[in-house]
Amino acid sequence: ALDLLVEHDLLAIRSGHGVGKTTFLAWVIIWFLSTRTPAKVGCTAPRGEQIEQNLWPEIARWMRNMPDDLREILNWTRKRVDVVGDHESFAVSSTTRPENPIAFQGLHSANFLLIVDEASGVSEATFEAAESLLTTANAKWVMTGNPNLRTGRFYRIFHDDRLMEEWQRIHVPCASVPGVSKQFIDRIASTHGVDSNQYRVRVLGEFPFDDEDTIIPSETVMSAIGRDIVI
């Protein structure tokens with residue numbers, strides 16, 4: 001994923017739980033702010049706690065592990081990460097809401113990175129607002145999330161031919177990551193079954209067969225199309 005982001009501007013990652021998405025995003029933010037000037041990073045998610053309780057503390061954790069001369073480049077606070085001595089370079093966060101899709105809309109820089117976490121739950125209005133931020137040649141857009149819904153922009157990036165050509169896409173099932181507990185995988189399997197949507201989304205990193213409010217699953221419909229009826 002890191003190699004792809006160096007070479008490309010649009011990257012989407014769908015995965016199971018606990019594979020390291022938050023760590024990856026923390027690395028990307030630190031890398032972007034440390035290697036470009038001026039540089040701005042906007043981070044957003046449908047739930048504020050995803051940013052405040054997970055991503056921002058993860059940035060602080062990795063900053064603590066940096067060599068002193070590199071750590072001193074950045075100043076971490078609960079709301080921002082600033083580049084010391086450069087008022088034009090920082091990272092900020094915002095929660096996506098229907099009435100205010102992206103609070104930092106209008107934030108621009110010669111080098112801009114937009115991060116959308118939990119992307120499956122982000123509205124189309126937010127994605128449309130986000131596109132206005134990516135007007136510079138050195139803009140990058142990263143989306144990560146569990147594939148919870150079969151609708152929306154995040155789903156289409158992995159299924160729409162036009163979007164698939166534009167975006168670099170990565171799929172990370174839990175079994176491919178040594179750090180994911182086998183007990184977690186076994187517990188989801190025993191509780192919900194390996195054929196359940198919960199197992200598909202949380203372990204396999206696959207989109208569900210159908211959304212929860214679906215009456216007739218799409219797989220049933222598609223299998224019926226063209227099937228001869230024997231009378």
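Start at aspartate 82, which is found in strand E4 (residues 80–83). Strands (E, at least two residues) and helices (H or I, at least four) are DSSP runs, numbered from the N terminus. This is a predicted model: local features need pLDDT of at least 70, side-chain atom pairs count only at pLDDT 80 or more, and totals for chains, interfaces and linings use all residues. Residues are numbered from 1 along each chain as its sequence is written, and side-chain values use heavy atoms, with hydrogens and water left out.

Now show the side chain of arginine 80. A polar contact of 2.7 Å joins it to the side chain of aspartate 82. (A polar contact is an N or O pair within 3.5 Å; within protein, one atom must be able to donate a hydrogen and the other to accept it, and residues adjacent in sequence count only if both atoms are side-chain atoms.) Beyond four places in sequence, aspartate 82 is in contact (heavy atoms within 4.5 Å) with Ile73, Leu74, Asn75, Ser89 and Phe90.

Next, select serine 120. It lies in the loop between strand E6 (111–116) and helix H5 (124–131). Serine 120 counts as buried because its relative accessibility is 6%; buried means under 20% relative accessible area, exposed over 50%, partly exposed in between (1.4 Å probe, protein chains only). Its side chain reaches the backbone nitrogen of leucine 149 at 3.0 Å. Leaving out residues up to four places away in sequence, serine 120 touches Asn146, Pro147, Asn148, Leu149 and Phe154.
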